[in-house]
Each structure stands twice: as structure tokens, then as C-alpha cells.
Amino acid sequence: MLTKERKAELITKYGGNAENTGNSEAQIALLTENIAALSAHLEFNKKDHHTRRGLMKMVSKRRKHLNYLFDRDITRYRTIIAALSIRK
């Protein structure tokens, strides 16, 4: 999972400053980092269905944040997609 330092780094990089934790870009970045960690965990633990359920919830939450950005500001959406390389 994320350390305090890594979380603060992501919030500062994508949210603008350390106090801007509610920014959609910061939330998407944090969720993306958690999703990557859980995906790596599930590579080795294929039968861990509780973690798989949590992963699906995180993916859904990230999708909702991305939809919000898409509806509000398409340039911010495209910027965060490119920065995190979510879409291929």
C-alpha cells in the first residue's frame, strides 16, 4: 500500500499542493497507485477473492472520478489519462 510520503508526493504532483486532497486528479492518482499494488498482489495470490472485490471497487471509483472530469473539463481528463497512462 501507499506510504505517507508517496501519498503526499502524489497529492502535491497532481493536486497542486499538499492540502488539496479532494482534487479529482489527486484522487485518480491515488486510486491508480493502489490499483497497481493490488494487481501485483493478485498476480501471486490468485484465490484472494476478498482483495479482488476491493480492487473492483477501486476501479469503479476511479472510473466515476474520470467520468466526472470528462463531463466537467475534457482537457484535464486527457491530461490525467496521459500522465498516468491509464488508457493505451
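## Helices and the overall fold

Helices, numbered from the N terminus, are DSSP runs of H or I with at least four residues, while strands are runs of E with at least two. By this definition the chain has 4 helices and 0 strands, and its pattern along the sequence reads α-α-α-α. Just after helix α1, Gly 16 takes a positive phi of about 105 degrees. Just after α4, Ser 85 likewise has a positive phi, of about 50 degrees.

The structure is a predicted model, in which local features need pLDDT of at least 70 and side-chain atom pairs count only at pLDDT 80 or more, whereas totals for chains, interfaces and linings use all residues. Residues are numbered from 1 along each chain as its sequence is written, and side-chain values use heavy atoms, with hydrogens and water left out.

## Extent and surface

Taken along the principal axes, the C-alpha atoms of the chain fill a box of roughly 40 × 30 × 20 Å.

Of the 88 residues in the chain, 32% are buried. Here buried means under 20% relative accessible area, exposed means over 50%, and partly exposed lies in between, with a 1.4 Å probe and protein chains only. Contact means heavy atoms within 4.5 Å. Among the contacts in the chain with a separation of 6 or more, 45% are between residues 24 or more positions apart.

The arc is that of the directions from the helix axis to the C-beta atoms.

Because its relative accessible area is 36%, Ala 8 is classed as partly exposed. Asn 23 lies in the loop between α1 and α2. With a relative accessible area of 15%, Asn 23 is buried. Leaving aside residues up to four places away in sequence, Asn 23 touches Tyr 14, Gly 15 and Arg 76.

## The nonpolar cores

In soluble globular proteins, nonpolar side chains tend to be buried together. A nonpolar core is a set of buried Ala, Val, Leu, Ile, Met, Phe, Trp, Tyr and Cys residues joined through side-chain atoms within 4.5 Å. The largest such core in this model has 13 residues, and those with the most contacts inside it are Tyr 14, Ile 28, Leu 66, Ile 80, Ile 81, Leu 84 and Ile 86. At least two residues of this core come from each of α1, α2 (24–44), α3 (49–72) and α4 (74–84). Helix α4 gives the most, with 4 residues. A second, separate core of 6 residues includes Leu 31, Ile 35, Leu 38 and Leu 55.

Ile 86 touches Ile 28, Thr 32, Arg 62, Leu 66 and Ile 81, not counting residues up to four places away in sequence.

The buried residues of α4 are Tyr 77, Ile 80, Ile 81 and Leu 84. They cover an arc of only 100 degrees around the axis, which puts them on the same side of α4. Their cover includes α1, α2 and α3. The face of α4 turned away from the buried side carries the exposed residues Arg 78, Thr 79 and Ala 82.

A search of the whole structure finds 1 aromatic pair. Phe 70 and Tyr 77 form this pair, which is edge-to-face, with 5.1 Å centre to centre and 75 degrees between the planes. Rings of Phe, Tyr and Trp (its six-membered ring) pair if their centres lie within 6.5 Å; planes under 30 degrees apart count as stacked, over 60 as edge-to-face and the rest as tilted. Phe 70 is partly exposed, with a relative accessible area of 44%, whereas Tyr 77 is buried, with a relative accessible area of 13%.
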